Amino acid sequence: QVQLVESGGGLVQAGDSLRLSCAASGDTFTYYDMGWFRQAPGKEREFVAAIRWTGGITYYAESVKGRFTISRDNAKTAMYLQMNSLKPEDTAVYYCAADSSRGRFGPSSSRYAYNYWGQGTQVTVSS
């Protein structure tokens, strides 16, 4: 079992930066691929970024590539999303997620691969 708690969301202006954090409980966090997803009102939950359990492989959605950076600290059982050059279209509830499958290939960009989710943190970017 893993419990995930996001923090760091808020209201910012376009061009500003935010850093989201995801605190994980459970000592098996180290072996789980992790991801960030977001959901805007009236839209499907979409992939943002993911990171392999080793931290050595990362994937990004095209819409955030070059602006967002995902990272993790297994010693602190935490994951982060550094968001720079924020745009109004980045406005959404951001969720962290864990994939406990320990698959050979990953991390996944599909939300269906993740079986643990946080409660979400709101990010609002004003123009």
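This is a predicted model: local features need pLDDT of at least 70, side-chain atom pairs count only at pLDDT 80 or more; totals for chains, interfaces and linings use all residues.
Residues are numbered from 1 along each chain as its sequence is written, and side-chain values use heavy atoms, with hydrogens and water left out.

Let us start with the strands. Helices (H or I, at least four residues) and strands (E, at least two) are DSSP runs, numbered from the N terminus. Two strands pair if DSSP finds at least two bridges between them. Strand β1, residues 3-7, pairs with β3 in the antiparallel sense over five bridges. One face of β1, with Leu4 and Glu6, is covered, while Gln3, Val5 and Ser7 form the uncovered face.

Take a moment with Val5, which has its place in strand β1. Its relative accessibility is 46%, so Val5 counts as partly exposed; here buried means under 20% relative accessible area, exposed means over 50%, and partly exposed lies in between (1.4 Å probe, protein chains only). Contact means heavy atoms within 4.5 Å. Setting aside neighbours within four places in sequence, Val5 is in contact with Ser21, Cys22, Ala23 and Gln119. The C-alpha atoms of Val5 and Cys22 are 5.4 Å apart in space, although the two are 17 residues apart in sequence.

A disulfide is a covalent bond between the sulfur atoms of two cysteines, and it is counted here when a pair of cysteine sulfur atoms lies within 2.5 Å. By this rule there is one disulfide. The bond joins Cys22 to Cys96, with an S to S distance of 2.1 Å. Cys22 lies in strand β3 (residues 18-25) and Cys96 in strand β9, so the pair ties together parts that are 74 residues apart in sequence. The link of Cys22 and Cys96 is right-handed, with 55° about the S-S bond, and both cysteines are buried.

Five of the six residues of strand β8 (residues 78-83) are buried, so the strand is largely enclosed by the rest of the structure. Six bridges also join β8 to strand β7 (residues 68-73), again in an antiparallel run. Here Ser71 has Tyr80 in β8 as its bridge partner. The hairpin of β7 and β8 has four residues between the strands, and Thr77 takes a positive phi near 45° in it.

Tyr80 also has a charge above its ring. A charge sits over a ring if NZ of Lys or CZ of Arg is within 6 Å of the ring centre and within 35 degrees of the ring normal. The charged end of Arg19 sits over the ring of Tyr80, 4.0 Å from its centre. Likewise, the charged end of Arg45 sits over the ring of Trp117, at 4.9 Å from the centre.

Next come the rings themselves. Rings of Phe, Tyr and Trp (its six-membered ring) pair if their centres lie within 6.5 Å; planes under 30 degrees apart count as stacked, over 60 as edge-to-face and the rest as tilted. The whole structure holds six aromatic pairs. For Phe37 and Tyr114, the centres are 5.3 Å apart and the planes stand at 70°, so the pair is edge-to-face. Phe37 lies in strand β4 (residues 33-39) and Tyr114 in the loop between β9 (92-99) and β10 (116-117), so the pair ties together parts that are 77 residues apart in sequence. Phe37 is buried at a relative accessible area of 1%, and Tyr114 is buried at 5%. Ring pairs link Phe37, Phe47, Tyr114 and Trp117 into a cluster.

Our last stop is the salt bridges, where a side-chain nitrogen of Lys or Arg is within 4 Å of a carboxyl oxygen of Asp or Glu. A search of the whole structure finds six. One of them joins Arg52 and Asp33 (2.8 Å, N to O), and both residues are buried. Another joins Arg38 and Glu46 (2.6 Å, N to O); Arg38 is buried, whereas Glu46 is partly exposed. Arg38 and Glu46 also belong to a network of salt bridges with Arg67 and Asp90.
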